[in-house]
Amino acid sequence: MNYKDLFKYLTPSLSFFNKNIFSKDELFKDIYEHAFKQNYVTEEFLEKIELREEKFPTGIELGTIGAAIPHTDAEYVKNEFVSVYVLEEPIIFQSMEDSTQDVQVSIVFVLGIKEAHSQLEMLQTLIALMQDEDLIHRFKDLKNFGEMKLLLTEEGEKKNEKN
């Protein structure tokens, strides 16, 4: 999966930029309310994403910026989506590598993927994206979905030229 493939899943109505969220719980409630209202998730989604994050934290330290990729099991997803939150101020997630460590997270990709294979590919693509420090810093400055799409298109083309 490459950056352009992300567009099949990235969901404008579930993407938020310069969003004021003050905790992981508030973020999960926010995505649940939006996604449930738009028929993307089941009623159990909120409880299940919170439980999964507690058992399997998704915070990732990326130098000076933290990110997270929370997700839950496919049975709680009605229609596939990837939601993006670029936060005004960081919130605390626990580290994927060591759950006793806090990560100050500014960028969150919430996955709602039905197929296990697609979910794994999406995770790999997002982790590759996050390993590009310049790209992730530019992500933090995005103001809307159109800017994000343009950035990913440009970066995807640069990546393809190198290969």
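1. Of the 30 residues in the largest nonpolar core, those that touch the most other members are Phe109, Leu129, Met130, Phe139 and Met148; a nonpolar core is here a set of buried Ala, Val, Leu, Ile, Met, Phe, Trp, Tyr and Cys residues joined through side-chain atoms within 4.5 Å, and buried means under 20% relative accessible area, with exposed over 50% and partly exposed in between, for a 1.4 Å probe and protein chains only. Helix H4 gives the most to this core, with 5 residues. A second, separate core of 24 residues includes Phe16, Ile21, Ala68 and Val103. In soluble globular proteins, nonpolar side chains tend to be buried together.

2. On the basis of the model: it is predicted, so that local features need pLDDT of at least 70 and side-chain atom pairs count only at pLDDT 80 or more, while totals for chains, interfaces and linings use all residues. Residues are numbered from 1 along each chain as its sequence is written, and side-chain values use heavy atoms, with hydrogens and water left out.

3. On the chain as a whole: there are 6 helices and 5 strands, running from the N terminus as α-β-α-α-β-β-β-β-α-α-α, where helices (H or I, at least four residues) and strands (E, at least two) are DSSP runs numbered from the N terminus. The chain has a radius of gyration of 15 Å, which agrees with the value near 15 Å for a compact globule of 163 residues; this radius is taken over C-alpha atoms, and the globule rule is 2.2 Å times the number of residues to the power 0.38. The C-alpha atoms fill a box of roughly 45 × 30 × 30 Å along the principal axes, and buried residues make up 48% of the 163 residues.

4. On contacts, meaning heavy atoms within 4.5 Å: among those in the chain with a separation of 6 or more, residues 24 or more positions apart account for 69%. Phe109, already named in the largest nonpolar core, touches Ala68, Ile69, Pro70, Val82, Ser83, Val84, Leu126, Leu129, Met130 and Phe139, when residues up to four places away in sequence are not counted.

5. On the largest pocket: about 210 Å³ of space lies in it, and its lining includes Gly59, Leu62, Met96, Ile127 and Glu133. A pocket is, on a 1 Å grid over the protein atoms alone, an open set of points where a 1.4 Å probe fits, with protein on both sides within 12 Å along at least five of seven lines, and lining residues have an atom within 4 Å of a point; grid points are joined across faces, edges and corners, and a volume is the space filled by probe spheres set on the points. Strand S2 (59–62) gives the most to the lining, with 4 residues.

6. On Glu155: this residue has its place in helix H6 (residues 145–162), and Glu155 counts as buried because its relative accessibility is 9%. Leaving aside neighbours within four places in sequence, Glu155 is in contact with Tyr3, Asp132, Leu135 and Arg138.

7. On backbone angles: most residues other than glycine have a negative phi. Asn18, in strand S1 (residues 10–19), has a positive phi near 55 degrees and counts as partly exposed at 31% relative accessibility. Asn39, in the loop between helix H2 (24–37) and helix H3 (45–55), has a positive phi near 65 degrees and counts as partly exposed at 38% relative accessibility.
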